[in-house]
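Here is a short note for someone opening this model for the first time. Please read the points with the structure in view.

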Number of protein chains: 2
Amino acid sequence: MYTIKEVAEKMEVSEHTLRFWAKSGFFPFVKRNENNIRQFSDNDLEWVRIVKCLRSVGTENKAIKKYIDLCIKGDSTISERYQIILDTKEKALQQMEELKQQLAVLDYKENFYKNLIKNNLQDSWNPMNKINLQDAAV
Amino acid sequence: MYTIKEVAEKMEVSEHTLRFWAKSGFFPFVKRNENNIRQFSDNDLEWVRIVKCLRSVGTENKAIKKYIDLCIKGDSTISERYQIILDTKEKALQQMEELKQQLAVLDYKENFYKNLIKNNLQDSWNPMNKINLQDAAV
DNA sequence: TACAACCTGATAGTTACTCTCAGTCAAGTG
DNA sequence: CACTTGACTGAGAGTAACTATCAGGTTGTA
């Protein structure tokens, strides 16, 4: 059993956010002790994990709540939940592609500046070196 | 030369967002024609491209503005800009790692549900099949 | 007795859009 | 010449998902 602080550390989510998620109904099975303090079980951590996963892929909280509710509803919703996972995976793969493309842009920029720096140093004695530099290049 | 609409289509950014970015000072060199209409050059598209890239990696608009201003300032800021690109790349790579981890979570869930469905179908004639299903599994 | 750690609720602030008006201008078409 | 289209402007509200701050409350430990 873990306190909210321990969960925050373990799962790398702020306590604030965990409470916010709890209030949003994302952790319906977290028990409280006699002092009303949340006691996260290992299974509860699984819920945190999946919420974190869905969020980090950009799933809206409304949609997460829907998924959570399906989980609560039980077996009859398994195939629906399965489909959500598949869709989410698809989305994640698209994000991966997007990220790769942006990394290519950054690689290009890196080289662009590398060359700029190299030429700048080489030609710094040359009064004509300005010619090689573009005006306000991005 | 492109109108804002053409840029929006070409770069897959909404006109709204382009105007918002323009107002934020992200495209300092976009010319206007005699009717005050923005005329994006090919070089301006490069600015759109880099802004889009920085944004999609999570760079804040404030930081983007800073980068843009360094670009405007010219040669003296090249190494500083180079460093920003390197840092951004680092951030992007971290995001890639994070995404991979979350994909692993999703893969696990996919299998989890796949098995659940398989067993469910197999045992559907069996009154004991409930035993195999966890209560409110995520 | 102070403190740290948990709780609650309310409220305000943040970022980056996103959308909706409302009104203006200019070009092209029937 | 009216009309539609597409561009522009500014103002202002709405949105998501936190994030932070405050106030007030309980409990267990040093």
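This is a predicted model: local features need pLDDT of at least 70, side-chain atom pairs count only at pLDDT 80 or more; totals for chains, interfaces and linings use all residues.

1. α1 (4–11) of chain A, together with α2 (15–23) and α4 of chain B, each supply at least two residues of the surface near DNA strand C. The largest share, four residues, comes from α2(B).

2. Look at the backbone of the DNA. The side chain of Arg38(A) has an N or O atom 2.7 Å from a phosphate oxygen. For the side chain of Thr17(B), that distance is 3.3 Å. Asn61(B) uses a polar backbone atom, 2.8 Å from a phosphate oxygen.

3. Now the protein–protein contact. Chain B gives 44 residues and chain A gives 44 residues. The buried area is about 4400 Å², with 71% from carbon and sulfur atoms. In chain B, Leu106(B), Tyr113(B) and Val138(B) lose the most area to chain A, together 15% of what that side buries.

4. Four salt bridges are counted between chain B and chain A. Asp107(A) forms a salt bridge with Lys89(B), with the closest N and O atoms 2.7 Å apart. On the side of chain B that touches chain A, α5(B) gives the largest share, 28 residues. That side has 26 nonpolar, six polar and 12 charged residues.

How values were computed
Residues are numbered from 1 along each chain as its sequence is written. Chains are lettered from A and ligands numbered from 1 in the order in which they are written. Side-chain values use heavy atoms; hydrogens and water are left out. Contact means heavy atoms within 4.5 Å. Buried area is the accessible area (1.4 Å probe) that two parts lose on being put together, summed over both. A salt bridge is a side-chain nitrogen of Lys or Arg within 4 Å of a carboxyl oxygen of Asp or Glu. Ala, Val, Leu, Ile, Met, Phe, Trp, Tyr, Cys and Pro count as nonpolar, Asp, Glu, Lys and Arg as charged, and the others, Gly among them, as polar. A polar contact is a pair of N or O atoms within 3.5 Å; within protein, one must be able to donate a hydrogen and the other to accept it, and residues adjacent in sequence count only if both atoms are side-chain atoms.
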